[in-house]
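Notes follow in the order I looked things up.

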Amino acid sequence: NLSCLTQNYGGAGALFALIFLVASGIVGRLLDNWQAHIISRDASANGVGIIRAIEERLLELEFTVERLCAGKSDPFQEYCLQAIEQDTLTSSETIMTSLVAKEQADFRQAYQTLLAHAQLLQSLQRQKRARIIIRTWRSIHMVLAVIAVLIILYHGLMELFTSVLPH
């Protein structure tokens, strides 16, 4: 029966909206702390920092790989290009046997750079996911807060107009 929510101009609804808003704020605060901890732990573990620094470092690593690929054989270049484009790093043993001796040292360096690139890319994705969770929750909470305020405001104004002002 919804009459308890509509009696007294939604007084019970206003109370529940307030309780829900406070509970939602507490959950949001815990979620914020949890995701901020994920970001800070990841930033200290990756050796680069937060999103902007990671993106800059990823670009530097891509330039390094491009420089190492310049003038190299097709298998060398294809491996490196595929590793950057598909964000996957396959075994380097297969390609090492097909490279000439003078390319192998550069390939080892490129492989290490691609490995660092893949690790930073995972870090970037974790941090972006945490940031999206925080932003989404804040957006949801703001909508809930507006709805709760409207319910509380309706109850308060109706009580004011019907109980206080007529006397």
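Predicted model: local features only at pLDDT ≥ 70, side-chain atom pairs only at ≥ 80, totals over all residues.

**Starting from a glutamate**

I then looked for the partner of E55 and found K128, with the closest N and O atoms 3.5 Å apart, a salt bridge. E55 sits in helix α3 (residues 51–69) and K128 in helix α6, so this pair ties together parts that are 73 residues apart in sequence. I checked K128 too, and K128 is partly exposed, with a relative accessible area of 37%.

**Other charged pairs**

How many salt bridges does the count come to? I get 5. I went through two more of them.

D42 and R126 form a salt bridge, and I read 2.8 Å between their closest N and O atoms. Is D42 buried or exposed? I have D42 at 8% relative accessibility, so D42 counts as buried. R126 comes out at 33%, so I put R126 down as partly exposed.

Next I took D106 and K72, whose side chains meet in a salt bridge at 2.9 Å, N to O. D106 is in helix α6, while K72 is assigned to the loop between α3 and α4, and the two are 34 residues apart. I noted D106 as partly exposed at 24% relative accessible area. K72 has 18% relative accessibility; the cut-off for buried is under 20%, so K72 counts as buried.

For the charges overall, I have 14 positive and 15 negative, and their mean positions are 7 Å apart.

**Stepping back to the whole chain**

I counted 6 helices and 0 strands. Reading along the sequence, I get α-α-α-α-α-α. The radius of gyration is 28 Å, well over the 15 Å that the globule rule gives for 167 residues, so I wrote the chain down as more spread out than a compact globule. The box around the C-alpha atoms, along the principal axes, is roughly 100 × 30 × 20 Å.

I also looked up burial: 31% of the 167 residues count as buried. The accessible surface is about 11000 Å², and carbon and sulfur atoms hold 63% of that.

Last entry, on contacts: taking those between residues at least 6 apart in sequence, I find that 70% join residues at least 24 apart.

Key: Residues numbered from 1 in each chain as written. Heavy atoms only, no water. Helix = DSSP H or I, 4+ residues; strand = E, 2+ residues; numbered from the N terminus. Rg over C-alpha atoms; globule rule 2.2 N^0.38 Å. Buried < 20%, exposed > 50% of the residue type's maximum accessible area, 1.4 Å probe, protein only. Contact = heavy atoms within 4.5 Å. Areas by Shrake-Rupley, 256 points an atom, 1.4 Å probe, with all protein chains shown as cover. Lys, Arg positive; Asp, Glu negative; His and termini not counted. Charge placed at Lys NZ, Arg CZ, Asp CG, Glu CD. Salt bridge = Lys/Arg side-chain N within 4 Å of Asp/Glu carboxyl O.
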